[in-house]
Amino acid sequence: MIKLSQPLLDNKEEKAVLEVLRSGQLAAGKLVEEFETKFVSYIGVKYAAATSSGTSALHLACLSLGLREADEVITTPFSFIASANSILFTGAKPVFVDVGEDFNIDPSKIEEKLTDRTKAILVVHLYGKPVDMDRINAIASKHGIKVIEDACQAHGAAWNEKKVGGLSEVGCFSFYATKNMTTAEGGMVVTNSPEIVEKVKLLRNHGSKVRYHHDILGFNFRMTDINAAIGLVQLRKLDSFNQKRRKNAQTLNTLLRDIPNIVLPKDEKGYHVFHQYTVRILPPLKRDEVKDKLESQGIGCGVFYPIPIHKQKVYSEICLDVSLPLAEKFSNEVLSLPTHPALSKSDLEEIATSVRKATQ
Ligand SMILES: *Cc1c(COP(=O)(O)O)cnc(C)c1O
């Protein structure tokens, strides 16, 4: 069985975790701060706050911008649900804008959805492919609104040589086990704003700066030192992981090139880190049949995501008449194939041979 994703850990992470366990300082120690400092210099921003997950990072990022009821936030319908939920958590309303051929929000469709209530645009660098941040930031500054980046699938991805997550007011990362780097569960908020990072740090720790003095209503969204210890080791490996993912994607693009009725991912404009290698399966082929055939041949594959967010039950009330044709079409066509760094050359050949069989 070739897995769709697997965390890559060795004795370095084991040693780092054991050291924390033996130190007796499992939480609120120095490693979280050290992880924040290293992550900040990796992304090229000034400040970071580690959190318990990517979801809590997004939640706090939205709160730190002061989003609240009556506000609207432009976002993509084609993502993991946490992206849009982070807007809902604040009481604000997500306004969905359709995606383009690269699966990311289509900047040309944003301005028609802006209203007096629009306070921000929340973009997602889906599958590790950077969004065109020049166009997004131009729209935002023209209309005086903020930008939030969901970079939960895009650690190390770059636009114009600058790392995503650091290209807007506030960026968010996830270190869940399947991401390009992991801490098991975990997240990070990055920003160049001292006010935003201070707000996030307050909110993640029950609104408290001085112990048992609570200034605002907050949460426990802290990261532990065990998670941070893993993250510090993984961060050192991230660039080589990403290079391997990109190489695997290029190899797959070459091996699958001549297969009919499949659209392969393009690797152009920006540094794509291939969190997922996602193809589209076109008619007369049926995506779900191809998926079943691949799985029966021992090739792990996945559908991200089978239901666009505006069609999810939890969004049914606020998205009554919303129609987003490309997101709806792609949710029936996308199929992600393994591209993780542990794949060998023969794994990639086996994947290609299996795709050939499954699409005949
Ligand atoms: C993983 C992910 C999240 C949420 O991160 P968790 O750490 O699982 O909470 C949010 N947005 C996107 C695009 C993701 O892929």
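**Entry 1: strand S8 and its partners.** I looked up Asp150 and found that its bridge partner in S8 is Cys172. The model is predicted, with local features requiring pLDDT of at least 70 and side-chain atom pairs pLDDT 80 or more, while totals for chains, interfaces and linings use all residues. Residues are numbered from 1 along each chain as its sequence is written, and side-chain values use heavy atoms, without hydrogens and water.

I noted that strand S5 (residues 146–150) runs parallel to S8 and is joined to it by 3 bridges. Strands (E, at least two residues) and helices (H or I, at least four) are DSSP runs numbered from the N terminus; two strands pair if DSSP finds at least two bridges between them. On S9 (residues 187–191), I counted 5 bridges to S8, the two running antiparallel. Met188 of S9 is the bridge partner of Phe173.

**Entry 2: burial of S8.** I checked S8 (residues 170–174) and found 5 of the 5 residues buried, so the strand is largely enclosed by the rest of the structure. Buried means under 20% relative accessible area (1.4 Å probe, protein chains only). Val170, Cys172 and Ser174 point one way, and Gly171 and Phe173 the other.

**Entry 3: helices H2 and H7.** I looked up H2 (residues 31–43) and H7 (residues 225–256), whose axes come within 7 Å and cross at roughly 20°. Axes are lines fitted to C-alpha atoms over the stretch in contact, with angles from 0 to 180 degrees between N-to-C directions. H2 is therefore roughly parallel to H7, a term for angles under 35 degrees. The contact (heavy atoms within 4.5 Å) includes Phe35 and Phe39 of H2 and Leu232 and Leu235 of H7.

Definitions and conventions
Buried means under 20% relative accessible area, exposed over 50%, partly exposed in between (1.4 Å probe, protein chains only). Angles under 35 degrees count as roughly parallel, over 145 as roughly antiparallel, 65 to 115 as roughly perpendicular and the rest as oblique.
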